[in-house]
Amino acid sequence: MKRNIKFSIKNHIDEIDIATDTMEQFLSGLDTSLKHQVNFNIVLDEVLNNIISYAFPDGEEHIIEISVNHENGHIELIFADDGTPFDPLGIEDPDTEQSIEDRKIGGLGVYLVKNLMDDISYERRDGKNYFIVKKKI
Amino acid sequence: MEIKKNKEGNVQIIELHGRLDSNSSKDLDAVFNELYERSEIEILCDMKGLDYISSAGLRVLLMAVKTINKKKGKLALCNMNEFVQEVFEIAGFTPLFFIFQDRQEALDKVFK
């Protein structure tokens, strides 16, 4: 069975809740575990927070498009934005073995996404960033 | 997210309810700052009502433990659900904090 939805939010932190609520509704129709719902919520928070915080140095209002595709037991999320080119995969993984004093927080969001999803990728096409994550459910 | 505060002896207890994410983490940060201003540096974070945490929440907790250690205070966490525990494990945060099953264990072992 194949199902998909597409929606968009503005580049404000408050709008992330719209994305997590929409995703929860989508997943509730698929009989997925609570664990998957939580993991997708975390991924939406991390990816959208990164885009909203770093992609738009012009300070203008922008639209971020989110596509959700469910096919053959896999969920794919595609985030598209017209912001400055930014490849999250280029961020170095944090050193998760460091002591409290030395620990830095940078890169932790993308690192969580990498660990919670099966596959992540990035493309720059037609002036847009496309960030794609996939997970077997 | 909803944050409730109450006190048990000298220990300030912060109860977290809902999601600790990009949107709500600034509220928790504000609560910590308000406690430091009152020199409340013995703090137990009860996560019983916490659904999940993202890196924005981890950032606030890391800043809190750094600040509280510097002030010679104590910060402990308790009642984490499996999703919060998993994020702590992935991020390598588990060894950085005093983490307990429940409130009583934290009070007995850290704040005596």
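In the predicted model described here, A:Arg125 and A:Glu123 form a salt bridge whose closest N and O atoms are 2.9 Å apart, a salt bridge being a side-chain nitrogen of Lys or Arg within 4 Å of a carboxyl oxygen of Asp or Glu. Both partners are partly exposed, A:Arg125 at 38% relative accessibility and A:Glu123 at 32%, where buried means under 20% relative accessible area, exposed over 50%, and partly exposed in between (1.4 Å probe, protein chains only). The model is a predicted one, in which local features need pLDDT of at least 70 and side-chain atom pairs count only at pLDDT 80 or more, while totals for chains, interfaces and linings use all residues. Residues are numbered from 1 along each chain as its sequence is written, chains are lettered from A and ligands numbered from 1 in the order in which they are written, and side-chain values use heavy atoms, with hydrogens and water left out.

Over all chains, the count of salt bridges comes to 16. One of them joins A:Glu65 to A:Lys128, with the closest N and O atoms 3.6 Å apart. A:Glu65 is partly exposed at 26% relative accessibility, and A:Lys128 is partly exposed at 27%. In chain B, the side chains of B:Glu34 and B:Lys5 meet in a salt bridge with an N to O distance of 2.6 Å. This pair links distant parts of the chain, since B:Glu34 belongs to helix H1 and B:Lys5 to strand S1 of chain B, 29 residues apart. B:Glu34 has a relative accessible area of 33% and is partly exposed, as is B:Lys5 with 37%. Through shared partners, salt bridges join B:Lys5, B:Lys7, B:Glu34, B:Arg38 and B:Glu40 into one network.

The interface between the chains was examined next. The size of an interface is often given as the accessible area lost when the parts come together. Chain A and chain B bury about 2,200 Å² between them, 59% of it on carbon and sulfur atoms, buried area being the accessible area (1.4 Å probe) that two parts lose on being put together, summed over both. Of the area that chain A buries against chain B, 28% is supplied by A:Ile100, A:Arg103 and A:Ile105, more than by any other three residues. The contact, defined by heavy atoms within 4.5 Å, takes 29 residues from chain A and 22 residues from chain B. Across this interface there are 4 salt bridges, including one between B:Arg19 and A:Glu24, with the closest N and O atoms 2.9 Å apart. The elements giving two or more residues to the side of chain A that touches chain B are helix H1 (16-28), helix H2 (34-54) and helix H3 (108-116) of chain A, and H2(A) gives the most, with 9 residues. A:Asn49 is found in helix H2 of chain A and counts as buried at 14% relative accessibility. Not counting residues up to four places away in sequence, A:Asn49 touches A:Ile13, A:Ile16, A:Leu44 and, in the other chain, B:Ser22.

Aromatic rings were also compared. Over all chains, 5 aromatic pairs are found, where rings of Phe, Tyr and Trp (its six-membered ring) pair if their centres lie within 6.5 Å, and planes under 30 degrees apart count as stacked, over 60 as edge-to-face and the rest as tilted. The rings of B:Phe32 and B:Tyr36 have their centres 6.3 Å apart and their planes at 25°, so this pair is stacked. Both residues, B:Phe32 and B:Tyr36, lie in helix H1 (residues 25-37) of chain B, 4 residues apart, about one turn of the helix. B:Phe32 is buried, with a relative accessible area of 1%, and B:Tyr36 counts as buried at 13%. A stacked pair is likewise formed by B:Phe93 and B:Phe97, at 5.9 Å centre to centre and 25° between the planes, and B:Phe88, B:Phe93 and B:Phe97 form one aromatic cluster.
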